[in-house]
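Subject: Structure handover

Hi,

Here is the structure for you to look at. My notes on what turned up follow below it.

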Amino acid sequence: MFDYKTHPGLASSELMGLNECFKPVERSFDKGEIITINSFENNTIGIIKSGTAYLSTINYEGQRRILEYYSQGELMTLPEPGGDDRAFYIIAKTACIINMFQKEKLLACCEKQCKKHMRMIKAYGEDALKKAVRHVDIISQRTLRGKLLTMFEYLSEDSGGSFTLPMPYTDLADYLAVDRSAMMRELKQLNAEGVISSVKRRVSLNRK
C-alpha cells in the first residue's frame, strides 16, 4: 500500500484512490538481491518505500556501472530492452521495501482520469528527467575534478549546505565511471587545497 511518506506531494486522502489505480504489491528485498531486470517479458516497476537501490549494468569490459541510485519515495525506472544482449537491472544496495506495480498503470491514466493520478505522473516524470540530466552533466565533465565538483554542487544545492554522499566511495566511482584510486587521490587533493572539507562520506563545499 502507498503511504503519505512515499508520496509527499499528495494528501493522505488521495492515497486511497491511488491504491485503487495502481494496485501496488509490497515486496521486501535483501541487500544484494535483484529487484527487477529489463526484458520484453517484464512489465513491473516500483516505488521505494524504504532502503536504497541502484540501476546498474555491466559494460563490455566486465565492469559494473551504476546509472542511477534510488532512495525512499523515488520511482525506479528501467530502459527498454535493446537489440543487444546487454542487461540493465535494479539491485538492492540495502534491504528494501518496494511498492511494485505494472508499468502501464503509471504510463496510462486510469479510466477515471483522476487528477491525483495525473499529478503523480507529472511529478515522477519531472523527477526522473531531472536526475537523468544531472547524471549526464556530471559524467560529461572532462576532468575527474570536474565530475566530483559538479556532483557536489548538485548535492549541496539539494541539502542547502553540507551533505552526506548517497553511496560508498567504491559505488561512487562506478557512478562517475572513474578509477576509484584516482578518485580518492583527487578527493585528498581537494581537501588539501581547501576546496572541500570531508570526513568519511560527509562533505562540505568551501565556497569563496
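A search of the whole structure, which is a predicted model, gives eleven salt bridges.

**Salt bridges**

Start with Asp174 and Arg65. Their side chains form a salt bridge, at 3.8 Å from N to O. Asp174 sits in helix 5 (residues 169-176) and Arg65 in strand 5 (residues 64-70). The two are 109 residues apart, so this bridge links distant parts of the chain. Both Asp174 and Arg65 are buried.

Glu68 pairs with Lys131, and their closest N and O atoms are 3.5 Å apart. Here the link runs from strand 5 to helix 3 (residues 115-139), across 63 residues of the chain. Glu68 has a relative accessibility of 7% and counts as buried, because the cut-off is under 20%. Lys131 has a relative accessible area of 19%, so Lys131 is buried too.

Helix 5 also comes back. Asp171 forms a salt bridge with Lys93, with the closest N and O atoms 3.0 Å apart. Asp171 is in helix 5, while Lys93 is in the loop between strand 7 (88-92) and strand 8 (96-102). They are 78 residues apart, and again the pair links distant parts of the chain. How accessible are the two partners? Asp171 is buried at 4% relative accessibility. Lys93 has a relative accessible area of 25%, so Lys93 is partly exposed.

Some of these bridges share partners. That joins Arg64, Arg65, Lys93, Asp171 and Asp174 into one network.

**Helix 5 against helix 6**

At what angle do helix 5 and helix 6 pack? The angle is about 105°, and the axes are 9 Å apart. The range for roughly perpendicular is 65 to 115 degrees, so helix 5 is roughly perpendicular to helix 6. Helix 6 covers residues 180-192.

Helix 5 brings Tyr169, Thr170, Leu172, Ala173 and Leu176 to the contact. Helix 6 brings Arg180, Met183, Met184 and Leu187. By type, the contact residues are seven nonpolar, one polar and one charged.

**Aromatic pairs**

The search of the whole structure finds two aromatic pairs. In one, the ring centres of Tyr69 and Tyr175 are 5.4 Å apart and the planes are at 70°. Planes over 60 degrees apart count as edge-to-face, so that is the label for Tyr69 and Tyr175. Tyr69 is in strand 5 and Tyr175 in helix 5, 106 residues apart. Like the bridge between Asp174 and Arg65, which links helix 5 and strand 5, this pair links distant parts of the chain. Tyr69 is buried, with a relative accessible area of 15%. Tyr175 is buried as well, at 4% relative accessibility.

The other pair is Phe152 with Phe163. Their rings are tilted, at 5.6 Å centre to centre and 50° between the planes. Phe152 lies in helix 4 (residues 144-159) and Phe163 in strand 9 (residues 163-164). This pair ties together parts that are eleven residues apart in sequence. Phe152 is buried, with a relative accessible area of 0%. Phe163 counts as buried at 4% relative accessibility.

Best wishes

Terms used
Residues are numbered from 1 along each chain as its sequence is written. This is a predicted model: local features need pLDDT of at least 70, side-chain atom pairs count only at pLDDT 80 or more; totals for chains, interfaces and linings use all residues. Side-chain values use heavy atoms; hydrogens and water are left out. A salt bridge is a side-chain nitrogen of Lys or Arg within 4 Å of a carboxyl oxygen of Asp or Glu. Helices (H or I, at least four residues) and strands (E, at least two) are DSSP runs, numbered from the N terminus. Buried means under 20% relative accessible area, exposed over 50%, partly exposed in between (1.4 Å probe, protein chains only). Axes are lines fitted to C-alpha atoms, for helices over the stretch in contact, and angles run from 0 to 180 degrees between N-to-C directions. Angles under 35 degrees count as roughly parallel, over 145 as roughly antiparallel, 65 to 115 as roughly perpendicular and the rest as oblique. Contact means heavy atoms within 4.5 Å. Ala, Val, Leu, Ile, Met, Phe, Trp, Tyr, Cys and Pro count as nonpolar, Asp, Glu, Lys and Arg as charged, and the others, Gly among them, as polar. Rings of Phe, Tyr and Trp (its six-membered ring) pair if their centres lie within 6.5 Å; planes under 30 degrees apart count as stacked, over 60 as edge-to-face and the rest as tilted.
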